Amino acid sequence: MISLADTSAGQEPSDLVGPVREIFSPTGLLSRASNFEYRPEQQQMAMAVAAALQDRRHLLVEAGTGVGKSFAYLIPAILFAVAHKKKAVLSTHTINLQEQLVEKDLPVLRQVLPVDFTFAMLKGRSNYLCTRRLRKALQQSDSLFTSPEAAELRRIEEWSRTTQDGSLSDFPVEPDPKVWEHVCSERGLCTPKKCGFQSEQAKLGPVCFFQRARQRILGADVLVLNHTLFFTLLNGVEADPEGGVLFKNDFVIFDEAHTVESVAARHIGLSVSSGQVRYALQRLWNPRTEKGLLATLRSASNVRLVADVLRETDDFFLKVEDSCQELARRSGPESPGRGDGDRPPPGETASRPWKELRIRRPDLVQDSLTLPLQRLREQIHDLIQTSEDKETGEELLECRNLSLNAAPVEVADFLRDRLFGSGTSVILTSATLGTAGAVTPPAGPSSAPSPGEGGSRAGGFPGPQGPGLSAQGLPRAGSLPALRYVAGRVGGEDARGLQVGSPFDHRRQMTLFVAGKMPDPRDPGYEDALVHWIEHFITRTHGKAFVLFTSHRLMLQVAGRMEAFLGRLGLECYVQNTGMPRSTMLEKFRENRDSVLFGTDSFWQGVDVPGEALSNVIITRLPFAVPDHPLVEARIERIEAAGGNSFGEFSLPEAILKFRQGVGRLIRTKTDTGIVVILDNRVLTKRYGKAFLESIPPCPMEIV
C-alpha cells in the first residue's frame, strides 16, 4: 500500500514526490498492469507536477508525444487533492480528451490508486434541464410556442422521465434550441432555493437536473471541463474564491495548454451579435409566430415596443454591414479583411468578400439602439413590478441583459492576475509549449543529417531516480529560451519550466523530406510544383496522408486538380469544408487506409490517427498567420509601436508552435512509422528556417 508520509496530528502530509516517484518506477504500483511500460519521461513529469503542487508553485511542462502525460498529472493531482481536501480542476481543449479522462483514465485510477476519490464532468448550466422551468413552460405552452415547438416541448418532457443525466448529451436527437432555451438551467432562474432538494419544486416533482449535477460537482475531488467553459466561468467570477481559482480551495491543470491563450482571448471580455439581440428580443415576442413571454401577460403595448426595437436592430446592423463594405472597398483587394487563408462563411456571396474587419473608431455608425433598448428595459421593469406571475417576471428579468463588447488584445495581464496570482497551483502541459523541442538522447549512430540537434532541454531538474526535489529546483519558464514565448503570452513567466522529450525513437520511426527548389507562391509555376510533389509523395505511401494547407482557396484548387490522379490510384479523397462534418471525415479516413485528407487549420492539431492509416504528413507551407485577423493585426501593431520586432516576437514563434503541432500528427505510438514532407524551402533558404528544423525531434532528413 502506497500512501503519503504520515504526519503528526494537525500537520498536513508533506512528501508527495517520493510516493509519486515510486508509483511510476519500474517496480511501482503501475507496473502491475499487463500493458505497463516504464517511461523515465513520464516519471519525471509526474514528479515535477507533485513538486509544484506540494510547494504551491506554478508549472509549465512540455511532454512529448507518448510520454503518457494524463497519468503523469492525474496521479499526483488525485493524491494531493485527497490528502489536502482540495479540488483538482482539469481543463482540456478537445472533447476527445475530456471523454478519455472521464470514461477511461479516471475510472482506471479509481480502481488502482490506494485512495478513494470522486470525479465529475463540469458542463455549462445551459446543458441541463431545469424541471421547474419545464413545468412552467408546459403550463404556458399555448402562449410561448408554435404547434411544432409545442410538440418538441412534449418530447423533452417525455425524455425527462427516463434520462439519468438530464443534459443535452443524453438526447438521441438534440432538441430545438428555441424550445430548449425555455427549459434549460439559467443563472438567476435556477437556484438551490428555487429548484434544489429543499425547494418547492422538489415537493412537486423531480429535482432540477442542474442542481443534482451541482451537488456532484461541489462534492467531487476531481472536475473535468473544457477551456471554453473554464474561461467563461473565470470571466464571470466577480471575486476570487478563497484559496482557489474557480472554487474555494482548488488548483488547476490545463492539458492541451497550447490553446489557452487563444481560447482565453475569445472568452475574456464581451461580445454581441445581431443574432443574439434578435434571439433575446424574440424570446419576449416573436412577430412572425405571435408567441413569447409577453403573450402570457397579454401586454399589447410592450409587444408593439418589442416589434419597434426589432426593426431598429435590423436597421442598426444593416448600417454596420454597409459601413464595413465601404471600409473594405476603400482598402482594396489587399485589405486586412481578407487573407490568403480566409474563406467566406457558409452562405456568404461575392457581395460581401470579407470575413472579418477591424473597426478602428468608435463611431462607425450612429448608436440608434441604446435608446430603444433602454425604453424597452424600463417598460419591462414596470411590467415585472405589476405582474402577479412572479415566475414569468423572473424570466422577463433575465431577458433585459444585453451588452456590446470588446476583446483584449493581450490576455497575459488578466491571466497573470486571475490565474497565477490566485495563491494556488496552476499547471499547464502540452506536447508543444516550446518554440524548440527537448533534446532526445541518441538512439544510436545515424549517418543521415538530422534536424532538431540544436534543441535544448529546459533544464535544472534532477533525473527521475535522483534525490528528492522541489519545484524551486526548476528554472523560471520565462528564463528558458524554448518556453519563454508561451510563458509570456499567458502571464506565466514566474512559473517553473520543464521540457521532457518523447520516448519514441523518431530517428527510426520518421523520415523528413524537404523540397529544395520550390517556386515562390507568387510565381505562375507554384501550383504546378505543389501538385507534382504532393502526387509524388502520395504515390510513395499509396495515400494514408494528411495534406495540410494554410490557404483554403489553394486547398480547393489543388484538390480539384488532383481528383483524376487520385481516382487512378484508387484513393478516396476527403477535403475539409466541402460538406462532410469534420468528425465524420476523420472517422472515414481512419477506416479507409487507401485515402488522403486535405485539411486546413483545425487538422494541424488535436487530431489523433495512430497506426498505418496515417503514414504521411505533407506540409504545403510554413504556417505563418496572415495578419488579417483583427486581433492578430492589433497584436502586431502593438509590438511595433513599442519598438519591438513583430516577426521575431510573434509571427515566428506562433508559426513554429503550429508547425510542431502539424509534424506531431504523424508518430502517435511506438510502432508508428512514416514520413513528413515540407514543400516550403524557406526552412533551407531563410535564416529563420533552422528554427523550424530544430524544433522537431531529430530524424533522418533528405532534400529532394
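A crossing of two helices is called left-handed if the near helix is turned anticlockwise from the far one by less than a right angle, and right-handed if clockwise. This is a predicted model, in which local features need pLDDT of at least 70 and side-chain atom pairs count only at pLDDT 80 or more, while totals for chains, interfaces and linings use all residues. Residues are numbered from 1 along each chain as its sequence is written, and side-chain values use heavy atoms, with hydrogens and water left out.

**View 1. Helix 3 crosses helix 4 in a right-handed way.** Helices (H or I, at least four residues) and strands (E, at least two) are DSSP runs, numbered from the N terminus. The two axes come within 11 Å and cross at roughly 60 degrees; axes are lines fitted to C-alpha atoms, for helices over the stretch in contact, and angles run from 0 to 180 degrees between N-to-C directions. Helix 3 and helix 4 are therefore oblique to each other (under 35 degrees is roughly parallel, over 145 roughly antiparallel, 65 to 115 roughly perpendicular, and the rest oblique). Look for Phe71, Leu74 and Ile78 among the contact residues of helix 3, and for Leu101, Leu106 and Leu109 among those of helix 4 (contact means heavy atoms within 4.5 Å).

View 2

**View 3. Strand 1 (residues 59–63) runs parallel to strand 7.** Five bridges join these two strands. Here you can find Val61, whose bridge partner in strand 7 is Leu498.

**View 4. Glu22 sits in helix 1 (residues 17–23).** Glu22 is partly exposed, with a relative accessible area of 38% (buried means under 20%, exposed over 50%, partly exposed in between, with a 1.4 Å probe and protein chains only). Glu22 and Met47 are 25 residues apart in sequence and 9.8 Å apart in space, C-alpha to C-alpha.

How values were computed. Pairing = 2+ DSSP bridges.
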